[in-house]
Amino acid sequence: MDHRSTPDSPARIRIAIVGHGNLGRGVEAAIARNADMVLEGIYTRRDPARIRPLCTETSVLGMADLPARRSGIDVLVLCGGSKDDLPHQSSELAAHFSLVDSFDTHARIPEHFERVDAAARAAGTTALICAGWDPGMFSLQRVMGEALLPDGATYTFWGKGLSQGHSDAIRRIPGVAGGVQYTIPVEEAVERVRGGERPTLSAREAHRRECFVVLEPGADGDGMREQVRQAIVGMPHYFDAYDTTVHFISAAQLEREHGAMPHGGFVIRSGSTSDRHHHAIEYRLRLDSNPEFTASVLVACARAVHRMQQSGQTGCKTLLDVAPGLLHPKSAAELRAALL
């Protein structure tokens, strides 16, 4: 299918993808399902000749080609990792392009926001960060729950599912050839919350983490295994606050048993409106493909970024700053008639 602009669709939003791993491929697929968008191109640090886009006519170029294409791009969608890519890439590119990223290291969001905001405001661009389902859609549910039930407590449980960011962090450890990480809610904690309790839960009491790791050839001795295990369980912001189990497996087993990328979770707001009446708000996601769903959120956010840029709203944004109607392809009048 050809997703390029045509004379009959001159107003389509021109999206460029930066990075073409699992998330980048998901963004490519999502753009193909949004009639108001067109894929301008894919930009990669790898050899462009090795990238196989869904549409054979899609341009695949190196990152060095990106500045020269600025006039033909409305929004960049950044698909790099939160550990080593987005912390510098988002602010650098926001100095030249409006963009969306999926930065998901919760503890570092404030500093990431400040860096990107400074770059975007100076350049007059619009940059929406931390888009996805958490942070992102779950963030919205947390805000709504606390606004509607101020006397209460909010709980977020993730999984069971494969975390892209945590898996990426594992794969960057020296000696690791491949790996995945699953986040698993502690069932006892979930049942306490659903039962109306308001427990104070540490990270360790709410979730555990399970890792499946393939070591590089020649690096599978006991010493290297222990070195990698320690690097994982002690990694700040990712594993150090959780009970983490590390399994060492073969590459064939990784491909056979851990090739799918399901995920999900739920946000629960438990609260009271009087001494007599207790309420619970629960928002849940069950995802066959974590990257494909995350990509769909990024693409909807790219639409909102383009609309905000056109209306003069510049600087760094998050989903908490976006009016819901800006995410939808229909006009405000159409949404009022159909969905309000």
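Me: Before we start, what counts as buried, exposed or partly exposed here?
Reply: Buried means under 20% relative accessible area, exposed means over 50%, and partly exposed is in between, with a 1.4 Å probe and protein chains only.

Me: And what kind of model is it, and which cut-offs apply?
Reply: The model is predicted: local features need pLDDT of at least 70, side-chain atom pairs count only at pLDDT 80 or more, and totals for chains, interfaces and linings use all residues. Residues are numbered from 1 along each chain as its sequence is written, and side-chain values use heavy atoms, with hydrogens and water left out.

Me: Trp133, then. Buried or exposed?
Reply: Buried, at 7% relative accessible area.

Me: Which ring does Trp133 pair with, and in what geometry?
Reply: Phe138, edge-to-face. The centres are 5.3 Å apart, with 85 degrees between the planes. Rings of Phe, Tyr and Trp (its six-membered ring) pair if their centres lie within 6.5 Å; planes under 30 degrees apart are stacked, over 60 edge-to-face, the rest tilted.

Me: How accessible is Phe138?
Reply: Phe138 is buried, with a relative accessible area of 0%. Phe138 also pairs with Tyr283: the centres are 5.9 Å apart and the planes at 80 degrees, so that pair is edge-to-face.

Me: Where do Phe138 and Tyr283 sit?
Reply: Phe138 is in helix α4 (residues 137-148) and Tyr283 in strand β13 (residues 278-287), so the pair ties together parts 145 residues apart in sequence. Helices (H or I, at least four residues) and strands (E, at least two) are DSSP runs, numbered from the N terminus. Tyr283 is partly exposed, at 23%. Trp133, Phe138 and Tyr283 form one aromatic cluster.

Me: Switching to charges. How many salt bridges?
Reply: The count is 19. The rule is a side-chain nitrogen of Lys or Arg within 4 Å of a carboxyl oxygen of Asp or Glu.

Me: Which ones lie within helix α3?
Reply: Arg121 and Asp117 are among them, both in α3 and four residues apart, about one turn. Their N to O distance is 3.0 Å. Asp117 is buried, at 12%. Arg115 and Glu111 make another, with the closest N and O atoms 3.7 Å apart. They too are four residues apart in α3 (residues 109-123). Arg115 is partly exposed at 32%, and Glu111 is partly exposed at 36%.

Me: Which residues are linked in a salt-bridge network?
Reply: Arg45, Lys83, Asp84, Asp85, Asp168 and Arg172. Within that, Lys83 and Asp84 bridge at 3.9 Å between the closest N and O atoms.

Me: Now helix α6. Which of its residues are buried?
Reply: Ala189, Val190 and Val193, in residues 187-194. Seen down the axis, they fall within an arc of 100 degrees, so they line one face of the helix. The arc uses the directions from the helix axis to the C-beta atoms.

Me: What do they pack against?
Reply: β7 (152-158), β9 (176-185), α7 (203-206) and β12 (263-272). Contact means heavy atoms within 4.5 Å.

Me: And β10, how covered is it?
Reply: Mostly: eight of its nine residues (207-215) are buried.

Me: How does β10 pair with β9 and β11?
Reply: β9 and β10 are antiparallel, joined by nine bridges. β10 and β11 (residues 243-248) are parallel, with six bridges. Strands pair if DSSP finds at least two bridges between them. Val213 stands opposite Phe248 in β11.
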